[in-house]
Amino acid sequence: MAEHKDPVAGQDDVDAVTRAVLTASRVLVAVSASSLAEVEDRVTLPQFRMLVALSSRGTTKLVALAELLRVAPSTAMRMADRLIAAGLVDRQTNPHNRRETLLTLTDEGRRIVASVTSRRRRELAAVVERLSPDRRAALIEALTAFNEAGGEPPVPPTDIDVPYPLGWADLAAPPLPSDQR
């Protein structure tokens, strides 16, 4: 018979906390995948990441977007080409530097990001509603500390359309030389 350990007994155990976070990440990945299901015929997960990056950044240079997404510029260009063909992204030449390509979301691209984000928020709220008020308060405290340790900024309180930093991707990326910013 499998032995069940008391989760409170291992509170200071890094391995126990890591296992709990990994388990929670499965829930979060499942919610993320479910929230993308309504657009999966139009947008892949990597393409959606590009849409979210453009949503949070506004008009962005292709090279900067590639670095943010940690893909080669040629990969970012192929992703952008597909999103442009789908009517979700617009491309223009930078009027200040004709060698640079600028990308921006179309209204339809913004609608897709808003729709998926709203659905994800509803699905997460449904999970959180199953917790007691005391557990919710503890979860806020624990996740706030976890997010701060990971360098992740808080999500805006509602689905308002305002740019906000992407967090760990920003911190993990090496700084650009001043001539490439």
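The model is a predicted one, in which local features need pLDDT of at least 70 and side-chain atom pairs count only at pLDDT 80 or more, while totals for chains, interfaces and linings use all residues. Residues are numbered from 1 along each chain as its sequence is written, and side-chain values use heavy atoms, with hydrogens and water left out.

Arginine 70 has this positive phi although it is not a glycine. Most residues other than glycine have a negative phi. Arginine 70 belongs to the loop between α3 and α4, and with a relative accessible area of 47% it is partly exposed; buried means under 20% relative accessible area, exposed means over 50%, and partly exposed lies in between (1.4 Å probe, protein chains only).

Taken as a whole, the chain has seven helices and three strands, which follow one another along the sequence in the pattern α-α-β-α-α-β-β-α-α-α. Of the 181 residues in the chain, 23% are buried. Among the contacts with a separation of 6 or more, 57% join residues 24 or more positions apart, where contact means heavy atoms within 4.5 Å.

Helix α3 (residues 62-69) has Leu62, Leu65, Ala66, Leu68 and Leu69 as its buried residues. Seen down the axis of α3, these buried residues fall within an arc of 165 degrees, so they line one face of the helix; the arc is that of the directions from the helix axis to the C-beta atoms.

| Helix pair | Packing angle | Axis separation |
|---|---|---|
| α2 and α5 | about 100 degrees | 10 Å |
| α3 and α4 | about 105 degrees | 9 Å |
| α2 and α4 | about 85 degrees | 10 Å |

The angle between α2 and α4 makes the two helices roughly perpendicular, on a scale where angles under 35 degrees count as roughly parallel, over 145 as roughly antiparallel, 65 to 115 as roughly perpendicular and the rest as oblique. On the α2 side this contact is made by Pro46, Gln47, Met50 and Leu51, and on the α4 side by Ala76, Met79, Ala80, Arg82 and Leu83. By class, the contact of α2 with α4 has seven nonpolar, one polar and one charged residues, with Ala, Val, Leu, Ile, Met, Phe, Trp, Tyr, Cys and Pro counted as nonpolar, Asp, Glu, Lys and Arg as charged, and the others, Gly among them, as polar.

Between α3 and α4, Leu62, Ala66 and Leu69 of α3 meet Pro73, Ala76, Met77 and Met79 of α4, and this contact has seven nonpolar, no polar and no charged residues. Where α2 meets α5, Phe48, Leu51, Val52 and Ser55 face Ile112, Val113, Val116 and Arg120, giving six nonpolar, one polar and one charged residues.

The largest nonpolar core has 24 residues, and those with the most contacts inside it are Phe48, Met50, Leu51 and Ile112; such a core is a set of buried Ala, Val, Leu, Ile, Met, Phe, Trp, Tyr and Cys residues joined through side-chain atoms within 4.5 Å. At least two residues of this core come from each of α2, α3, α4 (73-85), β3 (101-105) and α5. Leaving aside its neighbours within four places in sequence, leucine 51 is in contact with Val43, Leu83, Leu88, Val89, Leu105, Ile112 and Val113.

Threonine 106 lies in the loop between β3 and α5 and, at 12% relative accessibility, counts as buried. Its C-alpha atom is separated by 6.9 Å from that of glycine 87, 19 residues apart along the chain. Apart from neighbours within four places in sequence, threonine 106 is in contact with Gly87, Leu88, Val89 and Asp90.

Definitions and conventions
Axes fitted to C-alpha atoms, helices over the stretch in contact; angles between N-to-C directions. Helix = DSSP H or I, 4+ residues; strand = E, 2+ residues; numbered from the N terminus.
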